[in-house]
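Got your viewer open and ready? Let's take a walk through this protein, one selection at a time.

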Amino acid sequence: FGLGHTGLTDASLTSLSQGCPALSKLDLSGCTEGLRQEVVVPAIQAMHSLTDLDISGVVVLPRGTGVDKVIRAAVTPRAGRLTSGLLRLAASRCPTLTRASLQVI
């Protein structure tokens, strides 16, 4: 499901995760308005079938730790699983990507 470059809001991402928990692909690329980490992380965790996540160019607030926590949520095993199920993570052009993010992967 592609939402990149759409002006996605925290509220719409929350609604999407609650209404489509079996979503397997999520494209947030280019969402530069600043999604809040406390919304993005639970949304990703709620999507139990997520295999493909694109956060390229995404700004996650707070800057500096937000993207790290989103990546950690994406690669952490879901309840009752040994792996997260994530097969693809795209994170190019993330202005706040840190070494901590890369170490998680």
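Here is a short tour, from the whole chain down to one pair of residues.

First, a bit of housekeeping: this is a predicted model, where local features need pLDDT of at least 70, side-chain atom pairs count only at pLDDT 80 or more, and totals for chains, interfaces and linings use all residues. Residues are numbered from 1 along each chain as its sequence is written, and side-chain values use heavy atoms, with hydrogens and water left out.

**Stop 1: the whole protein.** Switch to cartoon view and you'll find four helices and five strands. Here helices (H or I, at least four residues) and strands (E, at least two) are DSSP runs, numbered from the N terminus. Follow the chain along and the pattern reads α-β-β-α-β-β-α-β-α.

**Stop 2: the surface.** Of the 105 residues, 44% are buried, meaning under 20% relative accessible area (1.4 Å probe, protein chains only).

**Stop 3: the sheet.** Go back to cartoon and pick out β1, β3 and β5, an open sheet of three strands in the order β1-β3-β5, with parallel pairing. Two strands pair if DSSP finds at least two bridges between them. Select 25-27 (β1) and 88-90 (β5): these stand at the edges with a single partner strand each, so one side of each has no neighbour in the sheet.

**Stop 4: one pairing up close.** Select residues 52-54, strand β3, which pairs with β1 in the parallel sense over three bridges. Which residue of β3 stands opposite Asp-27? Zoom in and you'll see Asp-54 there.

Conventions
Buried < 20%, exposed > 50% of the residue type's maximum accessible area, 1.4 Å probe, protein only.
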